[in-house]
Amino acid sequence: METAGISAQTIETLQKYHIRAQKKFGQNFLIDPHVLEKILDAAQIRQEDCIVEIGPGIGTMTQYLAQRAGKVVAVEIDRALIPVLQDTLRAYQNVEIIREDILKMDLRRLAEEKNEGRPLKIVANLPYYITTPIVMRLLEEQIPIHSITVMVQKEVAQRMQAQPGGKDYGALSLTVQFYAKAQIVGKVPPNCFLPRPGVDSAVIRLIKYEKPPVFVQDQKLMFALIRASFGQRRKMLVNGLHNAQQLSLDRETVIRALQQMGVSPDVRGETLTLEQFAGLSNLLSGAGYHS
Ligand code: SAM
């Protein structure tokens, strides 16, 4: 497909179907071919891949995906865009359009039905109002997924990739990095979209681990510790965990565990690595935690 003129094509399609971008669905259509190429290259698509595209919009990226992948399943919530997609994608036999809310879909079943249970690759210019719930679902539920290559708000990408100590580091960083290797592929300015979003964007690639990079006896406890630590991020970790009602941990137990790990008792949660949260959680398993 010609990459030049994509902006004109997009505008033409939007005019032809009298489409007004719906804010409530987070619609900002990509019009920059270089950015599209960047997303596709990052996703490392091969002919044998089955891609799930979340929110195909008017099908611009879908056409590129269809040319590189064996199969594309495009899941779009906006009923008004379905006839447009049927038109823009009519030349591609390997694309299936599904009108559905991605947050409500049974994605395990989809992998089973469309890809014989083999891992899917997720590619999307995500609707920003639900980026975190979508990414969390894709990571936390046991869906066979190889990788997630998505456009998100720049700050969200930075939080996903952040390392201990900085202001961006938090529960989102640790959760994402427990399940996947995160890498920001590039930043994208507002003028690459129509209409322009009020924020900068970034493409991030999350390659899912086959098994987590750290050993955790009780994942629920580890994530409860993480949430409690960052819920009171200015406080010392000991106080944050002691104050968290759902944990009922006394200060001495936490201090003892930290000492066993060789970590100072006045440490703040935001400096702890994923490995250290896993270690702390393993030491505290059975030490007063009520699930
Ligand atoms: N892929 C198109 C592009 O790059 O030009 C559109 C991207 S736009 C940022 C987000 C798309 O996600 C819109 O088409 C919107 O209607 C769709 N969307 C929003 N919420 C959704 C949901 N819960 N499930 C599926 N699609 C959704």
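Predicted model: local features only at pLDDT ≥ 70, side-chain atom pairs only at ≥ 80, totals over all residues.
A polar contact, as the term is used here, is a pair of N or O atoms within 3.5 Å.

The protein chain has 291 residues, of which 51% are buried, and its secondary structure comes to twelve helices and nine strands. Along the principal axes, the C-alpha trace of this chain spans about 65 × 40 × 30 Å.

The space that the ligand takes up is the largest cavity. Two elements, β1 (29-30) and β3 (71-76), are the ones that give two or more residues to the shell around the ligand. Sorted by class, that shell has twelve nonpolar residues, six polar residues and five charged residues. Among the 23 residues around the ligand, those that come nearest are Leu30, Gly55, Glu76, Asp101 and Asn125.

| Residue | Protein atom | Ligand atom | Distance |
|---|---|---|---|
| Glu76 | side-chain N or O | oxygen | 2.6 Å |
| Leu30 | backbone N or O | oxygen | 2.9 Å |
| Tyr129 | side-chain N or O | nitrogen | 3.0 Å |

Leu30 takes part through a backbone N or O atom, whereas Tyr129 takes part through its side chain and faces a nitrogen atom of the ligand. On its own the ligand has 590 Å² of accessible area, and the protein covers 99% of that area.

Technical notes
Residues numbered from 1 in each chain as written. Heavy atoms only, no water. Near = heavy atom within 4 Å. Polar contact = N/O pair within 3.5 Å; in protein donor to acceptor, adjacent residues only side chain to side chain. Areas by Shrake-Rupley, 256 points an atom, 1.4 Å probe, with all protein chains shown as cover. 1 Å grid on protein atoms, 1.4 Å probe; cavity = no way out; pocket = protein on both sides within 12 Å on 5 of 7 lines; lining within 4 Å. Sits in = over half its atoms within 2 Å of the grid points. Helix = DSSP H or I, 4+ residues; strand = E, 2+ residues; numbered from the N terminus. Nonpolar A, V, L, I, M, F, W, Y, C, P; charged D, E, K, R; others polar. Buried < 20%, exposed > 50% of the residue type's maximum accessible area, 1.4 Å probe, protein only.
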